[in-house]
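Subject: Handover of the two-chain structure

Hello,

I am passing the structure below on to you.

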Amino acid sequence: MEIAVVGNSEFVTGFRLAGMKKVFAVDDSNKLNSTVTNVFEDSDVGILVMHNDDFNKLPETMRGTLSESVEPTLVTLGGAAESSNLRDKIKQSVGVDLWK
Amino acid sequence: MGVNDVKPTRSELIELKKKIKLSQGGHKLLKMKRDGLILEFFEILSKAKDVRTELDAVYEKATEKIGIAESVEGRIVVKSTAFALKDTPQIMIESHSIMGVVVPKIESSSVHKPINKRGYGILGTSAYIDEAADAYELMVEKIILAAEIETTIKRLLDDIEKTKRRVNALEFKVIPELQEAMKFITLRLDEMERENTFRLKRIKKS
């Protein structure tokens with residue numbers, strides 16, 4: 001399995017430098033949704049890396065599906081998106097905000 | 001099961017008693033499972049927090065490094081160097097179980113490579129690009145770790161929620177309803193017995 005990266009060209013260059021091949025540079029935010037869907041359906045992708053700002057541009061349902069998904073697992077970078085995702089989930093499941 | 005649905009018979013009473021015992025056993029077990037899962041969750045939570053903080057720090061550093069590389073070498077050079085890389089880090093997802101919750105264990109082929117194994121020429125590129133590649137390789141390692149831990153947390157949370165619902169459903173819905181039904185049958189049976197005695201007395205009198 002591989003790691004896939006979706007984001008603007010500035011964000012993804014560094015990942016290419018680390019040797020990744022499934023790197024999708026999306027500078028047009030209209031195409032972001034379709035690219036992410038394609039990556040999501042690719043069974044060879046184990047981890048999906050995105051920037052927090054790009055993740056927030058996705059529609060609400062897509063965001064929900066992605067953050068719930070285990071294969072591929074979503075890891076967002078830059079900002080506190082992932083922690084707030086998890087934070088909401090922890091609040092919902094345990095009933096107490098433990099992410100502090 | 002409402003009180004009106006039960007037939008006030010002795011066999012039904014025995015059946016209900018069995019059901020209550022079973023539900024109480026299940027309730028106890030599920031409660032223990034919930035507590036166990038929460039303990040596991042607490043253990044992983046601190047790890048997840050650490051990994052997240054580390055990842056954020058590494059990301060900041062990596063963006064800084066690539067920014068420097070791009071401004072010194074130019075964006076095109078960095079990009080073309082990046083395209084020269086040939087080894088893609090591969091990940092293997094295995095699974096293991098924590099109290100019946102299947103969680104992934106992600107292993108990867110070595111991401112961090114020595115400078116001469118990366119695939120681009122050392123002479124043609126500057127140290128800034130090497131540093132940026134180094135920083136990004138380190139970040140990918142952290143990403144893999146974060147993905148494993150965060151997925152584990154997600155799965156554990158899902159299961160905690162499910163188990164909690166089951167525990168609550170048994171405690172506040174199933175068991176009380178069964179007990180109510182049992183009480184109804186006992187009362188009804190007693191009532192029928194009294195009716196019978198009274199009827200016999202009346203027959204004896206006349």
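The notes that follow take each chain in turn, then some single residues.

Please keep in mind that this is a predicted model.

Chain A

Chain A contains 5 helices and 4 strands. Starting at the N terminus, the order of these elements is β-α-β-α-β-α-α-β-α. The radius of gyration of chain A is 14 Å, while the globule rule gives 13 Å for 100 residues, so chain A is as compact as a globular protein of that length. Along the principal axes, its C-alpha atoms take up a box of roughly 40 × 25 × 25 Å.

Of the 100 residues in chain A, 58% count as buried. If one takes the contacts in chain A between residues at least 6 apart in sequence, 53% of them link residues at least 24 apart.

Helix H2 of chain A

I looked at one helix of chain A in more detail. Helix H2 covers residues 29–41 of chain A, which makes 13 residues. At 1.5 Å a residue H2(A) should span 18 Å, and the distance between its end C-alpha atoms is 19 Å, which agrees.

Which residues of H2(A) are buried? They are A:Leu32, A:Thr35, A:Val36 and A:Val39. These residues lie on the same side of H2(A), because they cover an arc of only 100° around the axis. What do the buried residues of H2(A) pack against? Their partners in chain A are strand E1 (2–7), strand E2 (23–25), strand E3 (45–51), helix H3 (52–57) and helix H4 (60–68). On the face of H2(A) that is turned away from the buried side, the exposed residues are A:Asn30, A:Lys31, A:Asn38 and A:Glu41.

Chain B

Chain B has 3 helices and 2 strands, and their order along the sequence is α-α-β-β-α. The radius of gyration of chain B is 33 Å, whereas a compact globule of 206 residues would have one near 17 Å. The box filled by the C-alpha atoms of chain B, taken along the principal axes, is roughly 120 × 25 × 25 Å.

Buried residues account for 36% of the 206 residues in chain B. Among contacts in chain B with a separation of 6 or more, 76% are between residues 24 or more positions apart. Chain B has an accessible surface of about 12400 Å², and 57% of this belongs to carbon and sulfur atoms.

Helix H1 of chain B runs over residues 10–73 and has 64 residues. From its first C-alpha to its last, H1(B) reaches 89 Å, close to the 94 Å expected at 1.5 Å a residue. After H1(B) comes B:Gly74, which has a positive phi near 95°.

The hairpin of chain B

Strand E1 (residues 91–98) and strand E2 (residues 101–108) of chain B run antiparallel and are joined by 8 bridges. Two of the pairings can be looked up by residue. B:Met92 stands opposite B:Glu107 of E2(B), and B:Ser97 has B:Val102 in E2(B) as its bridge partner. The hairpin of E1(B) and E2(B) has 2 residues between the strands, and B:Met99 has a positive phi near 50° there.

Two residues that touch the other chain

A:Thr73 is part of strand E4 (residues 73–77) of chain A. Is A:Thr73 buried or exposed? Its relative accessibility is 2%, so A:Thr73 counts as buried. Leaving out residues up to four places away in sequence, A:Thr73 touches A:Gly46, A:Ile47 and A:Leu48, and also B:Ala147 and B:Thr151 of chain B.

B:Asp158 is located in helix H3 (residues 127–205) of chain B. With a relative accessibility of 32%, B:Asp158 counts as partly exposed. Again leaving out residues up to four places away in sequence, B:Asp158 touches A:Glu68 and A:Lys89 of chain A. Within chain B, B:Asp158 and B:Ser97, the latter being the bridge partner of B:Val102, are 61 residues apart in sequence and 14 Å apart in space, C-alpha to C-alpha.

Regards

Methods. Residues numbered from 1 in each chain as written. Chains lettered and ligands numbered in written order. Predicted model: local features only at pLDDT ≥ 70, side-chain atom pairs only at ≥ 80, totals over all residues. Heavy atoms only, no water. Expected span 1.5 Å × (residues − 1). Buried < 20%, exposed > 50% of the residue type's maximum accessible area, 1.4 Å probe, protein only. Arc of directions from axis to C-beta. Contact = heavy atoms within 4.5 Å. Pairing = 2+ DSSP bridges. Rg over C-alpha atoms; globule rule 2.2 N^0.38 Å. Areas by Shrake-Rupley, 256 points an atom, 1.4 Å probe, with all protein chains shown as cover.
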